[in-house]
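Welcome! Take a look at the structure first, then read on.

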Amino acid sequence: MSSYANLFDRNLVFWNIHADSSTDLYQKIAHKLEDANVVETSYFKALTAREKEFPTGLNTQYLPIALPHANPENVKKAFIAVVKTTSQINMKQMGTNEDMESQYFFFLGIVKEKQDLQVKLLQRFMQLMNDESFVKSFKKLSKPEEVYEFLVNRF
């Protein structure tokens, strides 16, 4: 089990979410995270503002993903929420602001005490999403419980 395993929560795996846009997706996930008591009520607004300024789409070799997150003051507890949408969502790429599409999202909950975690997680995501066998196995998963177990054991 990795040192990141405690960031995953079986209740924060949301599979086959219907969303018409990134904003629609962010709103739906923000509500779920509020219900789980891991974010403040300010989270959605902060997440949307941060994504406009610093997009988090990553067009990795085997799977385009996005790592949306808000500033730490909007997060109550560190987490990684795993989301798969029913269709591709238009996003902007990190660093270039170029258009891309993704169906896989990892919402990062970074708290003030662990701000250095953001860079480490980004590096780990890049490593895993450029690992063909990891991505092939990940894409075959169809149930939230399977996703949770897979990530706890392989992340």
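In this predicted model, helices α4 and α5 pack with their axes 10 Å apart, at an angle of about 160 degrees. Because angles over 145 degrees count as roughly antiparallel, α4 is roughly antiparallel to α5. Their crossing is right-handed.

**Where α4 meets α5**
- On the α4 side, the contact is made by Ser133, Phe134, Ser137 and Phe138.
- Their partners on α5 are Val147, Phe150, Leu151 and Arg154.
- Sorted by type, the residues of this contact of α4 with α5 are five nonpolar, two polar and one charged.

**The buried side of α5**
- Which residues of helix α5 (residues 144-154) are buried? They are Val147, Tyr148, Phe150, Leu151 and Val152.
- Val147, Phe150 and Leu151 are buried, and these residues also take part in the contact with α4.
- The cover over the buried residues of α5 includes α4 (132-140), along with β1 (8-17), β4 (79-92) and β5 (99-109).

**A second pair: α1 and α2**
- Helix α1 (residues 22-35) and helix α2 (residues 43-53) have axes that come within 9 Å and cross at roughly 145 degrees.
- Here, too, you can look for the handedness: α1 passes α2 in a right-handed crossing.
- From α1, the residues Thr23, Tyr26, Gln27, Ala30 and Leu33 meet Tyr43, Phe44, Leu47, Thr48 and Glu51 of α2.
- In this contact of α1 with α2, six residues are nonpolar, three are polar and one is charged.

Technical notes
Residues are numbered from 1 along each chain as its sequence is written. This is a predicted model: local features need pLDDT of at least 70, side-chain atom pairs count only at pLDDT 80 or more; totals for chains, interfaces and linings use all residues. Side-chain values use heavy atoms; hydrogens and water are left out. Buried means under 20% relative accessible area, exposed over 50%, partly exposed in between (1.4 Å probe, protein chains only). Helices (H or I, at least four residues) and strands (E, at least two) are DSSP runs, numbered from the N terminus. Contact means heavy atoms within 4.5 Å. Axes are lines fitted to C-alpha atoms, for helices over the stretch in contact, and angles run from 0 to 180 degrees between N-to-C directions. A crossing is left-handed if the near helix is turned anticlockwise from the far one by less than a right angle, and right-handed if clockwise. Ala, Val, Leu, Ile, Met, Phe, Trp, Tyr, Cys and Pro count as nonpolar, Asp, Glu, Lys and Arg as charged, and the others, Gly among them, as polar. Angles under 35 degrees count as roughly parallel, over 145 as roughly antiparallel, 65 to 115 as roughly perpendicular and the rest as oblique.
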